[in-house]
Amino acid sequence: MVFLSSPARAQAFSYACSGCSHCCKEKVIRVNPYDVARLSSFLRISTTEFLRSYTWARGTILRMPYHGNCIFRNSAGCRIHEARPLVCRLYPLRRITLEDGSEDFDLLDFEERCTAVAGNRGTVGGYLKDQKAGPYLDMADRYVKLMDMLTAALSQEIDGDNSLTRHAMKECVSPGVKDSGSLPPWLDVDPVVSAYCARTGLPIPNEADKRAEMHITVLEEWLAGHEGVITNLSTGRGRCDGTGKLTNEVARIKSLAHTVALLGYMIGVDVEELGLEKFGIVN
């Protein structure tokens, strides 16, 4: 993957972390499917097992079970630091995608007891490169594009139908912090990739990056209406038929809207605002 530059990345910035790990406490750490693929690979478990064991809010955030501490924080710091999610690699920066498609970066407030030091001895781009954030940013952008496809598909399915809009409205909400429901199968990388490879005869990629790329390809093909892209994956609201489409129209609307909401939350989108903007959904 190519680590692209932008004017925002030329801004002066440096950050000297003290290793105090206060940034790992009382933080909602969102994870997207690529983050999950990298983390599960690092822990040598499936994405399904990772989602079940280490996440809350339907698989969108890392658990904070010990007095608000991230589940991976221990006495030595972060035990998955090598595979840490994008938001952790960006910290103390926050990436913002502007309406014209360009990006900008904000400096977040430090924790009260944090002893790290921010300065101007380098650049934002240099910091991101040091954090090995390039592949994570590239894949986050790909999931943003997939989100756009999902949103367009949902809008097309609704097609101004007030009844279908109301069904979608009930799904386009951010998940609760401790919502124990499961993630829709569409967003769980390993079973999607396994089903696709079983049907096509392709080998299952060993690398997390390749599996995440295939995951996006599968969902893109599903949205494009290709036959047999996803099979035997229940959404909890209906099942796929042989064309990858749900057998029930309302179930399909709910599944798409639910997936839009959860994927949107994973990548930092305000899903309620998205619903208002794209579908005229009013709470």
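Biologist: Why is T259 called buried?
Modeller: This is a predicted model, and the values are computed from it. T259 has a relative accessibility of 1%. Buried means under 20%. T259 is therefore buried.

Biologist: Where does T259 lie, and what is it in contact with?
Modeller: T259 is part of helix α9, residues 249–266. Contact means heavy atoms within 4.5 Å. Leaving aside neighbours within four places in sequence, T259 is in contact with L150, P184, W186, L187 and G264.

Biologist: How do you know whether L164 is buried or exposed?
Modeller: Its relative accessibility is 5%. The cut-off for buried is under 20%, so L164 counts as buried. L164 is found in helix α6, residues 162–171.

Biologist: How far apart are L164 and I253, in sequence and in space?
Modeller: They are 89 residues apart in sequence. From C-alpha to C-alpha, the distance is 6.9 Å. I253 is also one of the contacts of L164 once neighbours within four places are left aside, and the others are E157, I158, E249 and V250.

Biologist: Which residues of α6 are buried, and what puts them on the same side?
Modeller: The buried ones are L164, T165, A168 and E171. They cover an arc of only 115 degrees around the axis, which puts them on the same side of α6. On the other side, N162 and K170 are exposed. The cover over the buried residues includes α5 (134–158), α9 and α10 (271–279).

Biologist: What makes D161 a cap of α6?
Modeller: A side-chain oxygen of D161 lies 2.8 Å from the backbone nitrogen of S163. A polar contact needs a pair of N or O atoms within 3.5 Å.

Biologist: What about helix α2: which of its residues are buried?
Modeller: In α2, residues 47–54, they are T47, F50, L51 and Y54. Their arc around the axis is only 105 degrees, which puts them on the same side of α2. Among the elements covering them are α1, β2 (55–56), β3 (61–62) and α7 (189–200).

Biologist: Why does R211 count as buried?
Modeller: R211 has a relative accessible area of 10%. Under 20% is buried, so R211 is buried. Its place is in helix α8, residues 208–223.

Biologist: How do α1 and α8 pack?
Modeller: Helix α1, residues 33–43, packs with α8 at an angle of about 150 degrees. Their axes are 9 Å apart. The crossing is right-handed.

Biologist: Which residues of α1 and α8 meet?
Modeller: From α1 come P33, Y34, A37, R38 and S41. From α8 come A208, D209, R211, A212 and H215. Five of the contact residues are nonpolar, two are polar and three are charged.

Biologist: Why is R44 called exposed?
Modeller: Its relative accessibility is 79%. Exposed means over 50%, so R44 counts as exposed. R44 is in the loop between α1 and α2. Its phi is near 60 degrees, a positive value in a residue other than glycine.

Biologist: And H67: why is that label exposed?
Modeller: The relative accessible area of H67 is 72%. That is over 50%, so H67 is exposed. H67 sits in the loop between β3 and β4 (73–74). Its phi is near 55 degrees, again positive in a residue other than glycine.

Biologist: Where is there a cis peptide bond?
Modeller: One joins Y91 and P92, with omega about 10 degrees. P92 is found in the loop between α3 (86–90) and β6 (93–97).

How values were computed. Residues are numbered from 1 along each chain as its sequence is written. This is a predicted model: local features need pLDDT of at least 70, side-chain atom pairs count only at pLDDT 80 or more; totals for chains, interfaces and linings use all residues. Side-chain values use heavy atoms; hydrogens and water are left out. Helices (H or I, at least four residues) and strands (E, at least two) are DSSP runs, numbered from the N terminus. Buried means under 20% relative accessible area, exposed over 50%, partly exposed in between (1.4 Å probe, protein chains only). Axes are lines fitted to C-alpha atoms, for helices over the stretch in contact, and angles run from 0 to 180 degrees between N-to-C directions. A crossing is left-handed if the near helix is turned anticlockwise from the far one by less than a right angle, and right-handed if clockwise. Ala, Val, Leu, Ile, Met, Phe, Trp, Tyr, Cys and Pro count as nonpolar, Asp, Glu, Lys and Arg as charged, and the others, Gly among them, as polar. The arc is that of the directions from the helix axis to the C-beta atoms. A polar contact is a pair of N or O atoms within 3.5 Å; within protein, one must be able to donate a hydrogen and the other to accept it, and residues adjacent in sequence count only if both atoms are side-chain atoms.
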